[in-house]
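Have the sequence at hand as you read.

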Amino acid sequence: MKAIWKGAVSFGLVNVPVRLYSATENHDLSFHQVRRSDGSRIRYKRVAQTDGEEVPYKDIAKAYQTEDGKTVILTDEDMASLPNRSSKEIAVESFVPIDQIDPILYDKVYYIEPDAMGAKAYGLLREALKESERVAVVTVSVRTRMTMAVLRVVEDVIVLQTLLWPDEVRDSAQLDHLEEVSEPKKAEVAMARMLIESMSGDFEPKGHVDDFKVAVEELVQSKIEGGQVTEAPDVEEEADSGEVVDLLAALQRSVDRAKAGRGEDTSSSTATTKAGAKPAAKKAPAKTAAKAATKRAPAKKKAG
């Protein structure tokens with residue numbers, strides 16, 4: 001696996017050099033929208049709501065909408081002034097009983113492994129967490145946003161699990177029909193308990209299968225074997241296409257547009273990018289000045 005973050009866990013005077021890895025991956029099925037007649041992909045363009053005009057990527061800005069409907073446009077300078085911190089430290093603030101943290105607060109989960117020099121301290125922290133039967137409440141900055149998280153042990157691995165901020169959990173009092181729930185009879189409760197006892201067992205996640213995913217894959221394979229495959233027609237990318245799939249696509253479009261302006265052939269570079277390879281390397285730009293390191297501050301939620 002590829003580490004997404006490198007830094008250190010600090011608790012007291014102990015400093016543990018570590019690496020962070022995503023502990024989960026999404027296996028959701030992805031379907032494309034195509035024209036039924038020939039399988040040609042459907043593309044979408046960014047258009048302004050007021051007049052339907054397509055908006056170039058360079059003219060798109062971030063905006064914050066207030067509760068009363070006012071729209072405030074934020075410039076790059078505005079965003080740079082916000083307290084987006086990049087820290088290479090997972091700072092332990094306290095050790096708390098795990099049952100004091102409602103599972104509804106748990107968000108993304110990451111594996112933590114030690115760097116070569118931090119193996120001994122890593123083992124110390126792991127055993128301390130195991131024996132204390134507590135989790136470490138920490139603050140950490142992953143991809144610039146400071147957030148709360150906990151450290152806990154799963155088998156022999158220390159896991160970092162980010163937490164939602166309290167105001168990100170919806171108030172259950174906003175549900176509409178809870179007052180319609182009536183008090184069950186004692187006989188009904190006793191029967192429900194008997195049913196629960198009869199269906200009790202241990203949780204075995206490997207015994208659960210995504211039958212929809214399996215069925216779709218089998219259906220697709222049977223169609224392939226039966227020759228029911230549609231080859232979508234090859235089309236050249238429009239110069240002013242409204243969709244920017246990712247940064248690579250945006251850069252490739254810029255390169256092709258510049259080459260076309262000079263009368264150069266763009267077919268080879270476009271084909272290379274479509275195949276998933278990196279575009280031809282260019283001269284490295286001049287090095288930018290290193291960003292000044294910011295001091296760690298208590299976790300504070302960024303304005304949305």
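Leaving aside its neighbours within four places in sequence, which residues is Ile90 in contact with? Taking contact as heavy atoms within 4.5 Å, Ile90 meets Trp5, Ala8, Val9, Ser10, Val18, Ile112, Val138, Thr139, Val140, Leu151 and Leu160.

A word on the ground rules: this is a predicted model, where local features need pLDDT of at least 70, side-chain atom pairs count only at pLDDT 80 or more, and totals for chains, interfaces and linings use all residues. Residues are numbered from 1 along each chain as its sequence is written, and side-chain values use heavy atoms, with hydrogens and water left out.

Ile90 is also one of the residues with the most contacts inside the largest nonpolar core, which has 22 residues. Such a core is a set of buried Ala, Val, Leu, Ile, Met, Phe, Trp, Tyr and Cys residues joined through side-chain atoms within 4.5 Å. Elements giving two or more residues to this core include β1 (5-11), β5 (89-97) and α2 (119-132). Apart from it lies another core, of 6 residues, among them Val96 and Ile101.

Now turn to Thr162, in strand β9 (residues 157-163); strands (E, at least two residues) are DSSP runs, numbered from the N terminus. Thr162 counts as buried because its relative accessibility is 8%, where buried means under 20% relative accessible area, exposed over 50%, and partly exposed in between (1.4 Å probe, protein chains only). Beyond four places in sequence, its contacts include Leu105, Tyr110 and Met148.

Phe31, by contrast, counts as exposed because its relative accessibility is 58%. Phe31 sits in the loop between β2 (14-22) and β3 (62-65).

Conventions. Helix = DSSP H or I, 4+ residues; strand = E, 2+ residues; numbered from the N terminus.
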